[in-house]
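Subject: Structure handover

Hello,

Here is the structure for you to look at. Please open it next to this note; the findings follow below.

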Amino acid sequence: MTPDLLQEGSQRMEAHARLAQQGQTESGGRQAGFGRVAQPGEVDVTHGRILYLEDVSVSFDGFKAINQLSLDIAPGELRCIIGPNGAGKTTLMDIITGKTRPDHGTVFFGSTIDLLRYREAEIAQLGIGRKFQKPTVFEQLTVFENLELALKTPRDVVAAMFFKLDSAQSDRLLEVLGTIHLTDCASRMAGNLSHGQKQWLEIGMLLMQSPKLLLLDEPVAGMTDEETERTAELFLSLKGKHSLMVVEHDMSFIQSISDIVTVLCEGSVLAQGTLDQVQADERVIEVYLGR
């Protein structure tokens, strides 16, 4: 965006703010977009993007982990992120989830939620779920109990003591069990599940929070071929209902799920397109895929 456009936009925003204070905007002083009143904390995707990063940079002891990175994802999209070790993939997720604060840049969830104003826990509440590479489940509880624990419910002691699933919550839990291929394992202890099943359970726990955006870090690492295939089916079933950002090195898995692939290198976007397009890119071959 050119400086003159930035200045013009700033002037228009200031003028609108003055009018809003006087109740003279078209919406009577309310915040609105495309004729719809914006609700506090609501993810507004009327502009066609659920995640938007522009010119984001962050350095650690002089090393630029993210370097003027710009990236955007559409609602319901399944985006795959690939790149060599040290490319900035994990740091990118850290920034989106509030674990790391960038030195400068813009990070928006929808068109109205500035993620840089929120802490990690608040970002999770806004509807962004993150799964790390190693599964984290409560191994001494059953699969059912793990999902029940992940429900969006009041967390104070009194509420926890008297909590009982209502019919809608029970239906939701059974639906998620089916989605993650664990209906037959509902009463099994989580610690007795296979590695792949634990991964699915953790994804299910995230789904119980009704996230709008899921960040998944190397989800099929350590899985069997059958588990990898079923994970691909799971992700494709979530596509459209949720937006997904998947960081992965398994190219055959990416081939089975991806529409758009973003290649990171040295903290910046090196290439973007279909997997076939990025695999044919000489720069990608040079720094990541090898000759």
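Predicted model: local features only at pLDDT ≥ 70, side-chain atom pairs only at ≥ 80, totals over all residues.

How many bridges join β3 to strand β6? Five, and the two strands run antiparallel. Strand β6 covers residues 104–109.

Within it, Val-56 is bridged to Leu-69 of β4. The two strands make a hairpin, with two residues between them. Asp-61 sits in the turn and has a positive phi of about 50°.

Next, the open sheet. Six strands form it, in the order β8-β9-β10-β5-β11-β12. The pairing is mixed. Which strands stand at the edges? They are β8 (128–131) and β12 (268–273). Each has a single partner strand, so one side of each is left without a neighbour in the sheet. On average, neighbouring strands of this sheet are turned by 20° against each other, direction ignored.

Inside that order, strand β5 (residues 78–82) pairs with strand β10 (residues 243–247). The sense is parallel, and there are four bridges. Ile-81 finds its bridge partner in β10 at Val-247. As background, strands of a sheet pair through backbone hydrogen bonds, either parallel or antiparallel.

Two helices to check against the sheet:

- α8 lies across β5, β9 (213–217) and β10, and runs at about 150° to β10.
- Helix α11 (residues 282–289) lies across β5, β11 (260–265) and β12, and runs at about 120° to β12.

Last, the aromatics. How many aromatic pairs does a search of the whole structure find? One. The rings belong to Phe-235 and Phe-253. Their centres are 5.8 Å apart, with 70° between the planes. Planes over 60 degrees apart count as edge-to-face, so this pair is edge-to-face. The pair links distant parts of the chain, 18 residues apart. Phe-235 lies in helix α8 (residues 225–238), and Phe-253 in helix α9 (residues 251–257).

Best regards

Technical notes: Residues numbered from 1 in each chain as written. Heavy atoms only, no water. Phe/Tyr/Trp six-rings, centres within 6.5 Å; stacked < 30°, edge-to-face > 60°. Pairing = 2+ DSSP bridges. Axes fitted to C-alpha atoms, helices over the stretch in contact; angles between N-to-C directions. Contact = heavy atoms within 4.5 Å.
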